[in-house]
Amino acid sequence: MLEDFFARALVAGIGLALVTGPLGCFIVWRRMSYFGDTMAHSALLGVALSFLFQINMTLGVFLVATAVAGALLLLQRRNALSTDALLGILSHSTLAIGLVLVAFMTWIRVDLMGFLFGDILAVSAGDIALIYAGGAAILIVLVLVWRPLLAATVNAELAEAEGLRPEVTKALLMLLLASVIAIAMKIVGVLLITSLLIIPAATARRLSATPEQMALVAAGIGAVGVAGGLFGSLRYDTPSGPSIVVAAMGLFLLSLLIPSQLFVAKRRESP
Amino acid sequence: MDVPLRQTLVEIADAGVRRGGKWLVEGIDLTIRSGEIVTLIGPNGSGKSTTAKLVTGVLKPDAGSVNRRAGLTVGYVPQRLAIDWTLPLTVRRLMTLTGRFGRHEIERVLAQVGITHLIDAEVQHLSGGEFQRALMARAIIRKPDLLVLDEPVQGVDFSGEVALYDLIGQIRDEIGCGVLLISHDLHVVMAATDTVICLNGHVCCRGTPESVARSPEYLSLFGARAAKALAVYQHHHDHTHLPDGRVEEADGSIVSTHEHVHDHHGHAHGPSTRHDHA
């Protein structure tokens with residue numbers, strides 16, 4: 001028999017992986033992994049500000065992550081610093097400001113490790129409800145904007161010329177990313193969210209012939225990674241968040257052993 | 001023989017686009033009718049892309065007017081398209097990038113551009129010429145009224161270039177769409193082009209490829225050397241254009257472009273699109 005807390009962790013983690021897999025594909029395709037990482041790091045600032053203004057933490061994280069994404073898009077247009085440098089600045093400064101603010105608020109005790117690496121074993125039924133309701137909403141929006149988002153990912157100019165709105169879909173992708181970060185932060189923590197976005201998607205690449213397949217495979221691989229990591233952490237008494245990332249990483253390494261011709265399309269079809 | 005009535009697809013009158021207090025382009029006059037091929041040439045930064053964006057409706061003019069036929073469908077072939085390896089994309093899937101199309105439609109357009117056998121190939125594995133053909137198939141599957149091609153022969157070798165220009169003319173004949181070609185590659189301008197518009201922030205000169213190549217504005221913009229390289233490619237395959245601009249006739253003799261005589265065959269070009277400026 002599984003303990004209750006463990007079953008809850010499993011259900012929550014798998015629910016999260018089903019969302020981060022497909023969304024993570026876009027992060028990988030658009031080469032936004034550092035961008036996603038920066039938004040995730042800003043979540044700690046979101047936590048601090050939520051304490052300060054006594055608002056819902058998920059909402060606070062979502063707002064700060066969205067604000068950081070918006071600030072980044074604005075700074076990019078000024079062409080002063082490279083995107084790479086801007087990301088480095090925003091990523092670490094938001095994380096640091098968050099830590100400093102938390103230190104100032106002496107009246108609250110914050111489990112920093114919990115926010116940095118997550119505390120999946122402590123999820124409540126309410127958290128699970130949030131993950132599945134929020135996750136379903138994110139996936140529905142993703143399915144609805146899938147074609148224009150993919151077209152804009154392949155080539156924004158092309159999408160624009162043929163009457164789509166790549167700027168709008170890009171903004172939507174940011175909002176979806178901010179939402180998933182807000183939901184995931186409590187589960188895997190600020191520092192490990194990006195790994196759940198990127199590792200399953202990267203693993204799925206060698207097993208997929210179309211973008212849609214890759215999204216589904218990534219969701220499945222993420223779920224397997226979560227389950228593997230949790231059982232591993234139970235068996236070896238290791239921290240659960242990092243164990244999930246290690247399990248996902250193991251699946252990625254395994255995928256490298258698969259010959260790439262097995263699943264991906266052939267160069268030519270024989271006539 | 002009379003050509004069928006040509007509809008005006010896009011009409012741009014004295015249009016300009018202003019960004020940050022500077023005019024990217026101004027005084028652009030341009031008309032594209034169905035079945036007509038218009039080529040924009042000009043150096044980098046001369047406003048070719050800006051003008052194309054006025055045509056596709058992506059940019060609104062800050063001066064002048066742009067009239068696009070209501071419900072105009074645009075097929076677009078982008079300039080550079082580097083598809084990340086992480087994105088698994090077959091030629092088949094590429095066809096439905098911006099719309100839903102059935103198997104028969106996909107097979108039909110691939111046959112039209114001659115790459116039916118590549119339907120299940122990953123786009124990252126295609127050669128430059130095959131990829132351009134796939135992109136053209138993707139653009140025409142929408143049955144566009146207007147096909148916009150931004151530097152369609154980039155990354156394609158010379159004989160491939162000629163074949164692609166042939167294909168563009170063929171597509172125009174088959175689906176009767178208007179075509180806007182953007183090129184900074186002055187070496188080959190297809191003779192099927194009805195109008196060449198030479199841009200440098202404004203319209204320098206316009207006309208048939210031959211008349212533009214001889215115009216003083218073109219010569220001052222690109223220099224006499226570039227003008228010499230302006231080879232006008234013909235549909236007649238009785239000669240080959242060499243990379244240096246000279247021409248090898250069918251009998252093996254090599255002549256320079258100036259001596260080489262281009263004979264137009266029965267190719268109705270419709271009404272002149274020349275705009276005369278006072």
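**Entry 1: a hairpin in chain B**

I began with strand 1 and strand 2 of chain B, which form a hairpin with two residues between them. In the turn I found B:Gly20, whose phi is positive at about 55°. This is a predicted model, so I kept that in mind from here on.

Strand 1 (residues 8-19) and strand 2 (residues 22-33) of chain B run antiparallel and are joined by eight bridges. I picked out one of the partners: B:Ala15 bridges to B:Ile28 in strand 2 of chain B.

Which other strand did I find joined to strand 1 of chain B by five bridges? It was strand 4 (residues 63-68) of chain B, again antiparallel. Here B:Gly16 has B:Ala63 as its bridge partner.

**Entry 2: helix 4 of chain B**

I then turned to helix 4 of chain B, residues 128-140. Its 13 residues reach 19 Å from first C-alpha to last, close to the 18 Å expected.

Is this helix enclosed or open? I noted that 11 of the 13 residues of helix 4 of chain B are buried, so the rest of the structure largely encloses it. Among the buried ones are B:Phe131, B:Leu135 and B:Ile140, and also the charged-type names B:Glu130, B:Arg133 and B:Arg138. I looked for what covers them, and the cover includes strand 5 (74-77), helix 2 (91-95), helix 3 (103-113), strand 6 (146-150) and helix 5 (158-175) of chain B.

**Entry 3: where the chains meet**

How many residues does each chain bring to the contact? I read 24 from chain B and 27 from chain A. The chain B side has 14 nonpolar, six polar and four charged residues.

**Entry 4: chain A**

I moved on to chain A, which has 12 helices and zero strands. Its C-alpha trace spans about 75 × 55 × 30 Å along the principal axes. A compact globule of 271 residues would have a radius of gyration near 18 Å, and the 19 Å of chain A agrees with that. I also saw that 48% of the residues of chain A count as buried. Of its contacts with a separation of 6 or more, 74% link residues 24 or more positions apart.

**Entry 5: how confident is chain A?**

The mean pLDDT of chain A is 89, and 94% of its residues reach 70 or more. Among its helices, I noted helix 11 (residues 211-236) as highest at 96, and helix 5 (residues 112-117) as lowest at a mean of 81. Over residues 265-271 of chain A, pLDDT stays under 50. Where pLDDT is low, the predicted coordinates should not be read in detail.

Note on methods:
Residues numbered from 1 in each chain as written. Chains lettered and ligands numbered in written order. Predicted model: local features only at pLDDT ≥ 70, side-chain atom pairs only at ≥ 80, totals over all residues. Helix = DSSP H or I, 4+ residues; strand = E, 2+ residues; numbered from the N terminus. Expected span 1.5 Å × (residues − 1). Buried ≥ 20, exposed ≤ 12 C-beta atoms within 10 Å, placed from the backbone. Contact = placed C-beta atoms within 7 Å. pLDDT = per-residue confidence, 0-100. Rg over C-alpha atoms; globule rule 2.2 N^0.38 Å. Pairing = 2+ DSSP bridges.
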